[in-house]
Amino acid sequence: MKYLKSYRSIIGSLVLTLMLMQSKLALALGDLSSKLSGLNPLPWNSLEEIIDNIPRILVGIGTIIFVVMLLINGYRYMISMGNEEVSKKAKQGLTWALAGLIAVYIGYAFIMWIKGKLPIG
């Protein structure tokens, strides 16, 4: 039962995060019905534009994962109540979440650097 309560709070945090991000996702997608009325339902017109936007989309997904991990591990750290084992796992989770975010942004910078070096477009 103890674990069920902690999972319930984690799921609640995830649902709250998704609810808060819903408006941002709606703004990013724009008016979907107007985009579907034309021949091309995508906001991009060519394959090159789609490929150019993949790194940006992946950075967005990585940032969302970071925020979720930050909420989960921050909550775990707060409720550890001096328990060294739980506190240590939460700190490790926070460290790995930050390392993952840094890796995502370094990867994005590397891709943009390579893209700048290529003689395309």
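Me: What makes E85 and K89 count as a salt bridge?

Reply: In this predicted model, the closest N and O atoms of E85 and K89 are 3.7 Å apart, and because a salt bridge requires a side-chain nitrogen of Lys or Arg within 4 Å of a carboxyl oxygen of Asp or Glu, the pair qualifies as one. A search of the whole structure finds one salt bridge.

Me: Why is E85 called exposed, and why is K89 called partly exposed?

Reply: The relative accessibility of E85 is 52%, and since exposed means over 50%, E85 counts as exposed. K89 has a relative accessible area of 43%, a value that falls between the limits of 20% and 50%, and therefore K89 is partly exposed.

Me: How do you know that K88 is exposed, and where is K88 placed?

Reply: K88 is found in helix 4, which covers residues 84–117, and its relative accessibility of 53% is set against a cut-off of over 50%, so K88 counts as exposed. The C-alpha atoms of K88 and R76 are separated by 9.9 Å, the two residues being twelve apart along the chain.

Me: How do you know that the span of helix 3 agrees with its number of residues?

Reply: Helix 3 runs over residues 47–78, and at 1.5 Å a residue its 32 residues should span 46 Å; because the end C-alpha atoms are 46 Å apart, the two values agree.

Me: Where in helix 3 is there a kink?

Reply: The kink, of about 35 degrees, lies at I54, shortly before the proline P55. P55 is itself among the buried residues of helix 3, which include N53, V59 and G62.

Me: Why is I61 called partly exposed, and which nonpolar patch includes I61?

Reply: I61, which is in helix 3, has a relative accessible area of 43%, and because this lies between 20% and 50%, I61 is called partly exposed. I61 belongs to a nonpolar surface patch with L47, I51, I54, I57, L58, I65 and M69, which together have about 730 Å² of accessible area.

Me: How many helices and strands does the protein have, and what share of its residues is buried?

Reply: The protein has four helices and zero strands, in the order α-α-α-α along the sequence, and of its 121 residues 16% count as buried.

Note on methods
Residues numbered from 1 in each chain as written. Predicted model: local features only at pLDDT ≥ 70, side-chain atom pairs only at ≥ 80, totals over all residues. Heavy atoms only, no water. Helix = DSSP H or I, 4+ residues; strand = E, 2+ residues; numbered from the N terminus. Expected span 1.5 Å × (residues − 1). Bend = angle between axes of the 7 residues up to and from the residue. Buried < 20%, exposed > 50% of the residue type's maximum accessible area, 1.4 Å probe, protein only. Patch = residues over 30% accessible without salt bridge, like charges linked within 9 Å, V, L, I, M, F, W, Y side chains within 5 Å. Areas by Shrake-Rupley, 256 points an atom, 1.4 Å probe, with all protein chains shown as cover.
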